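Keep it plain, and group the points by topic.

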Amino acid sequence: MIDTITHTLIAGALTAFAIMIIAWIVCVRIHNAAWVDVVWAYSIGVLSLGYFLILGMPIGPQLLGFVLIAIWSLRLGTHLLIRIATEPEDGRYQEIKKQWGGERSPKLFGFFMIQAAAAFFFSIPPLLAMHSAKSAWSANDWIAVVIAIIAISGETLADRQLRRFKANPKNQGKVCKSGLWRYSRHPNYFFEWIFWLAFPSITWGSSAFFPALAAPLIMLFLILKMTGIPPTEAQAIRKRGESYRQYQRETSAFFPWFPKSETTTQS
C-alpha cells in the first residue's frame, strides 16, 4: 500500500504542475492572471478525485475526506469563477505584473508553479483522510463534519455579505463593516482556515495526524504573512486610504472579536 500511496502522490504532483502550466498559458493569452485562483481551488478537487479513483472509490468513513474536499473545491472555485468572470482583473495581480515586468515574466511563471506546489500540498490531507480512515464511523469523523459545515457556511455567508455590500452603488469606495465583517477584517479567510482543521480530526489517532495537521498550520501562515492578508490589505489601502486604516484600528484582522470603539482607537 505504501507503493500505491507513493505512486499516487507522484501522479498528483505531476498533474498539479501540468494544470498550472496550462493555466499560465491561458492567463497570458487572456491578460488576466487572477484566473489562477479559480484553477487553484478546482485543481485540489481534481487531484482528490484522482486519489479517490486510484484508491478504488472507498465507501464508508473512507469516503469522508473526498466528499469534504469536493464540496469545498466546488464552492470556492465557483465563487471565484463568478467573481473573476464578471469583474476586471484583481488589483493585486495588476500590481504584481507591474512590479515583475509583465505577465510573461519568469517571476509570474514561478508564481504559478508555487500555486501548483500549494495545490498539491493541500490535496494531501484528503488523501491521508481517505487512506487512514477506520472501517467504522467515529466521533472524530462527525467532529470533522461539523467543522466543515461551520467553515463552509461561514465562508459562504461572508462572501455573500461582501458581494451584497459591493453591489450597492451607495457603498462605492466604502469599507464593508456589516455582518461578519464587523468582527473580522477577513472572516472569509478565517473560515477558510477553520475548514482545514477537519482533516486532523479525521486522522486523529493515526500516523497521518501530524502530516494532516501541517495543512491548517501552513494555511494560517500563508493567510497571516504571505498571500492572504498582507497583499489584500495593501490593495485595500491603495483604494480606500484612511477609511481602511480606521477599519484596521477598529477591527480584528483575522480572529473574530468585538470591534473597538472609535474613542478607544484614538486614545
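Threonine 8 touches Tyr51, Ile54 and Leu127, not counting residues up to four places away in sequence; contact means heavy atoms within 4.5 Å. The model is predicted: local features need pLDDT of at least 70, side-chain atom pairs count only at pLDDT 80 or more, and totals for chains, interfaces and linings use all residues. Residues are numbered from 1 along each chain as its sequence is written, and side-chain values use heavy atoms, with hydrogens and water left out.

- Threonine 8 lies in helix α1, residues 2–30; helices are DSSP runs of H or I with at least four residues, numbered from the N terminus.
- Threonine 8 has a relative accessible area of 1%, so it counts as buried (buried is under 20%, exposed over 50%, partly exposed in between, with a 1.4 Å probe and protein chains only).
- Histidine 31 is in the loop between α1 and α2, and with a relative accessible area of 53% it is exposed.
- Most residues other than glycine have a negative phi.
- Histidine 31, which is not a glycine, has a positive phi near 60°.

**Helix α2**
- Helix α2 has 20 residues and spans 28 Å from its first C-alpha to its last, close to the expected 28 Å (the expected span is 1.5 Å times one less than the number of residues).
- The buried residues of α2 include Trp40, Leu47, Tyr51 and Phe52.
- Tyr51 is also one of the residues that threonine 8 touches.
- Glycine 56 follows α2 and has a positive phi, near 90°.

**Helices α6 and α7**
- The axes of α6 (residues 139–167) and α7 (residues 187–195) come within 8 Å and cross at roughly 160°; axes are lines fitted to C-alpha atoms over the stretch in contact, and angles run from 0 to 180 degrees between N-to-C directions.
- That angle makes α6 roughly antiparallel to α7, a term for angles over 145 degrees.
- The residues of this contact divide into 10 nonpolar, 2 polar and 3 charged (Ala, Val, Leu, Ile, Met, Phe, Trp, Tyr, Cys and Pro are nonpolar; Asp, Glu, Lys and Arg are charged; the others, Gly among them, are polar).

**Arginine 182**
- Arginine 182 sits in the loop between α6 and α7 and is partly exposed, at 42% relative accessibility.
- Leaving aside neighbours within four places in sequence, arginine 182 is in contact with Lys177, Thr251, Trp257 and Pro259.
- Arginine 182 and proline 211 are 29 residues apart in sequence and 34 Å apart in space, C-alpha to C-alpha.

Conventions
Helices (H or I, at least four residues) and strands (E, at least two) are DSSP runs, numbered from the N terminus. Angles under 35 degrees count as roughly parallel, over 145 as roughly antiparallel, 65 to 115 as roughly perpendicular and the rest as oblique.
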